[in-house]
Amino acid sequence: MLQPNVLIVDDEPEFLETVAERLANRGFSVETAQNGAAALEKISNQIFDAIVLDLMMPEIDGMETLKRALTKKPDLQIILLTGHATLQTGIEAIKLGALDFMEKPADIDALAAKINEGRERRIEMDEQVRENAVRAALQKYGW
């Protein structure tokens, strides 16, 4: 089985490095980005099982990055992470399609479990797409 592939996005270099190292030590393949624009570029070019996205970032904040990322790839599993959590922001993120909303400092085991949950959801969504394609092909040819 391949390592879960995760993108961590945060404008705080020390936090980014610490979380990336701790997840790598738990067997995750980790990519990092320090802002929303860099994250969107990586999302366009790579497949990630989950994305951990800081809410408060300069220029393109986490909520806008979430919207743009899901427009590009609706099956992305995005976990918003913030030190400035409010219930309203969490609800808005979930409504926009985020997998979850967690507060900093996040428990690394809880974050790893949520990333694995995202990976499982993405795999299920991929399998559903393939099944639908097979059904459509069978129906098209009358089989």
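1. At the start of helix α2, a side-chain oxygen of asparagine 35 comes to within 3.2 Å of the backbone nitrogen of alanine 37. This qualifies as a polar contact, that is, a pair of N or O atoms within 3.5 Å; within protein, one must be able to donate a hydrogen and the other to accept it, and residues adjacent in sequence count only if both atoms are side-chain atoms. Helices (H or I, at least four residues) and strands (E, at least two) are DSSP runs, numbered from the N terminus.

2. The structure is a predicted model, in which local features need pLDDT of at least 70 and side-chain atom pairs count only at pLDDT 80 or more, while totals for chains, interfaces and linings use all residues. Residues are numbered from 1 along each chain as its sequence is written, and side-chain values use heavy atoms, with hydrogens and water left out.

3. In helix α2 (residues 36-45), the buried residues are Gly36, Ala39, Leu40 and Ile43. They lie on the same side of α2, because they cover an arc of only 100 degrees around the axis; the arc is that of the directions from the helix axis to the C-beta atoms. Buried denotes under 20% relative accessible area, exposed over 50%, and partly exposed the range in between (1.4 Å probe, protein chains only). The exposed residues Glu41 and Asn45 are carried on the face of α2 turned away from its buried side. Among the elements covering the buried residues of α2 are β1 (5-9), β2 (29-33), β3 (50-54) and α3 (62-72), where contact means heavy atoms within 4.5 Å.

4. The strands form an open sheet of 5 strands in the order β2-β1-β3-β4-β5, with parallel pairing. β2 and β5 (100-103) stand at the edges with a single partner strand each, so one side of each has no neighbour in the sheet. From one strand to the next, the twist averages 20 degrees. Two strands are taken to pair if DSSP finds at least two bridges between them. Axes are lines fitted to C-alpha atoms, for helices over the stretch in contact, and angles run from 0 to 180 degrees between N-to-C directions.

5. Strand β1 is mostly covered, with 5 of its 5 residues buried. Asn5, Leu7 and Val9 point one way from β1, and Val6 and Ile8 point the other way. In a regular strand the side chains alternate between the two faces of the sheet. β1 pairs with β2 in the parallel sense over 5 bridges; leucine 7 stands opposite glutamate 31, and isoleucine 8 stands opposite threonine 32. The chain passes from β1 through α1 to β2 in a right-handed β-α-β crossover. A crossover is right-handed if, with the strands pointing away from the viewer, the path from the first strand over the helix to the second runs clockwise.

6. Strand β3 is largely enclosed by the rest of the structure, because 5 of its 5 residues are buried. Ala50, Val52 and Asp54 point one way from β3, whereas Ile51 and Leu53 point the other way. β3 is joined to β1 by 4 bridges, the two running parallel, and valine 6 stands opposite alanine 50. Another 4 bridges join β3 to β4, also in parallel, with isoleucine 51 opposite isoleucine 78. Together, β3, α3 and β4 make a right-handed β-α-β unit. Helix α3 lies across β3 and β4 and runs at about 175 degrees to β4.

7. Leucine 23 is placed in helix α1 and is buried, with a relative accessible area of 0%. Not counting residues up to four places away in sequence, leucine 23 touches Val6, Ile8, Phe28, Val30, Ile108, Leu111, Ala112 and Ile115. The C-alpha atoms of leucine 23 and alanine 33 are separated by 15 Å, the two residues being 10 residues apart along the chain.

8. Arginine 119 belongs to helix α5 (residues 108-140). Arginine 119 is buried, with a relative accessible area of 11%, and its side chain reaches the backbone oxygen of glutamine 3 at 3.4 Å.
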